[in-house]
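Colleague: Hi! Could you walk me through this structure before class?

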Amino acid sequence: MEKVELIWMNGDFLPWDEAKVHVLSHGLHYGTGVFEGIRCYETERGPAVFRLQDHLERLEKSAELYYLEMPHGAERLREATKELIRRNGLRSCYIRPLVFRGYGEMGLYAPSAPIETVIAVWPWGAYLGEEGKGKGVRAKVSSWRRISPQSAIPHAKASGQYLNSILAKTESAKAGYEEAILLDERGFVCEGSGENIFVIRDGEILTPPHAASILDGINRKSVIQIARDLGYSVIEREIARAELYLADEVFLTGTAAELVPVREIDDHDLGEPGEITRVIQARFEDALAGRAEEYLEWLDFVGEPTAPEPPEPATAEVEAEEVGEPTSGRLNP
Ligand SMILES: Cc1ncc(COP(=O)(O)O)c(C=O)c1O
């Protein structure tokens, strides 16, 4: 990953390499953390974060579902995120807020282990590749089922739960596919390992409902609204596995991946990305880049990057200047 200058940690802006935790941090052992994945885009009006408030509200809900009391509220994290992007001089980036149980108490019930908060930002290109966004990706239905609501909380974006996504993603990668599609515990289509899924059949856009153990994706919500605004019918309903193979078009949505067409599932060819996918993808990308007036309210403008401090002149060079010796080029105007 590409390093930047600063990470925000528990209220302070720390140099990237100094944002550290103790090896006995609770979250490291048990996955007791909640997080978000957010993106900031370069727009004509400067850098802007896509649906920052919605992401931070989901972070608060995830924390509440796992009994983690957040020391900093959404508004504080919103300001910290924007300042962090400015101070790192970034115009576009991925944003990762993380709230987790830190060091102080072990065992499964550890209410006195402190809650730590981190926000990191870094440049990160398309998760499934630019080619994937253009031509579509190959996906495999995973042998792993999405976590059941009877044993965890699919609605929460919680660190430990991602072992489920990692198993599915690893299985698909080792089998030579770019992404995994998970079924829910009942065998209905659920989502990708880090994306929601949309299936187009006979001109209708289908997507699994909340009861299918999905994460309530921010991009899913955005794409549903965009599709309906464009006049398409979007239906939230259970989707059978075979409908993936019978689909006219399939696409995935998520912050890291953005909107990615799927061109093949379990070696059933779906063909080049279809027209409905293309139309919605173009409108969605306009919304992300601030080119769609009606969706400007989704963008939280960051302000221009803070100019980096001019470097301090080195002592030896200053002394050389004072005694009238030739100075280095860097100190000369
Ligand atoms: C498991 C899972 N489902 C769906 C999504 C898509 O959510 P969003 O659109 O909010 O990024 C993500 C990404 O955060 C995810 O990790």
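This is a predicted model: local features need pLDDT of at least 70, side-chain atom pairs count only at pLDDT 80 or more; totals for chains, interfaces and linings use all residues.

Colleague: Great, surface to begin with. Which residues form a nonpolar patch there?

Modeller: The patch is formed by Val-23, Leu-24, Leu-28, Tyr-30, Tyr-103, Met-106 and Leu-108. Together they have about 730 Å² of accessible area.

Colleague: Where is Val-23 found?

Modeller: Val-23 is in the loop between strand 2 (12-15) and helix 1 (26-30).

Colleague: And is Val-23 buried or exposed?

Modeller: Val-23 is exposed, because its relative accessible area is 60% and the cut-off for exposed is over 50%.

Colleague: Okay, helices now. At what angle do helix 2 and helix 3 pack?

Modeller: Helix 2 (residues 52-65) and helix 3 (residues 74-87) pack at about 130 degrees, and their axes are 10 Å apart. That angle makes helix 2 oblique to helix 3.

Colleague: Which hand does the crossing have, left or right?

Modeller: Helix 2 passes helix 3 in a right-handed crossing.

Colleague: Let's switch to charges. How many salt bridges are there?

Modeller: The count comes to 29 salt bridges. One of them joins the side chains of Asp-17 and Lys-3, at 2.9 Å from N to O. This pair links distant parts of the chain, 14 residues apart: Asp-17 is in the loop between strand 2 and helix 1, and Lys-3 is in the segment before strand 1 (6-9).

Colleague: How open is Asp-17?

Modeller: Asp-17 is partly exposed, with a relative accessible area of 45%.

Colleague: What does Arg-58 form a salt bridge with?

Modeller: Its partner is Glu-36, and the closest N and O atoms are 2.8 Å apart. Arg-58 sits in helix 2, while Glu-36 is in the loop between strand 3 (33-35) and strand 4 (38-41), so to speak distant parts of the chain, 22 residues apart. Both Arg-58 and Glu-36 are buried.

Colleague: And what about Arg-138 and Asp-267, how far apart are they in sequence?

Modeller: They are 129 residues apart, because Arg-138 lies in strand 8 (residues 137-141) and Asp-267 in the loop between strand 15 (258-265) and strand 16 (268-269). The closest N and O atoms of this salt bridge are 3.6 Å apart. Asp-267 counts as exposed, at 53% relative accessibility.

Colleague: Which residues do shared partners join into one network?

Modeller: Glu-75, Arg-78, Glu-79, Lys-82 and Asp-300 are joined that way by salt bridges.

Colleague: New topic: where does Trp-298 lie?

Modeller: Trp-298 lies in the loop between helix 8 (275-288) and strand 17 (299-301). At 6% relative accessibility, Trp-298 counts as buried. The C-alpha atoms of Trp-298 and Asp-54 are separated by 9.1 Å, and these two residues are 244 residues apart along the chain.

Colleague: Last one, backbone angles. What is phi of Arg-51?

Modeller: Phi of Arg-51 is near 50 degrees, which is a positive value in a residue other than glycine. Arg-51 lies in the loop between strand 5 (48-50) and helix 2, and is buried at a relative accessible area of 11%.

Colleague: What about Asp-202, what is its phi?

Modeller: Asp-202 has a positive phi of about 50 degrees, although it is not a glycine. Asp-202 is in the loop between strand 11 (196-201) and strand 12 (204-207). With 71% relative accessibility, Asp-202 counts as exposed.

Conventions. Residues are numbered from 1 along each chain as its sequence is written. Side-chain values use heavy atoms; hydrogens and water are left out. Patches are made of residues with over 30% relative accessible area and no salt bridge: like charges are joined within 9 Å, nonpolar side chains (Val, Leu, Ile, Met, Phe, Trp, Tyr) within 5 Å. Accessible areas come from the Shrake-Rupley method with a 1.4 Å probe; for residues, only the protein chains shown count as cover. A salt bridge is a side-chain nitrogen of Lys or Arg within 4 Å of a carboxyl oxygen of Asp or Glu. Helices (H or I, at least four residues) and strands (E, at least two) are DSSP runs, numbered from the N terminus. Buried means under 20% relative accessible area, exposed over 50%, partly exposed in between (1.4 Å probe, protein chains only). Axes are lines fitted to C-alpha atoms, for helices over the stretch in contact, and angles run from 0 to 180 degrees between N-to-C directions. Angles under 35 degrees count as roughly parallel, over 145 as roughly antiparallel, 65 to 115 as roughly perpendicular and the rest as oblique. A crossing is left-handed if the near helix is turned anticlockwise from the far one by less than a right angle, and right-handed if clockwise.
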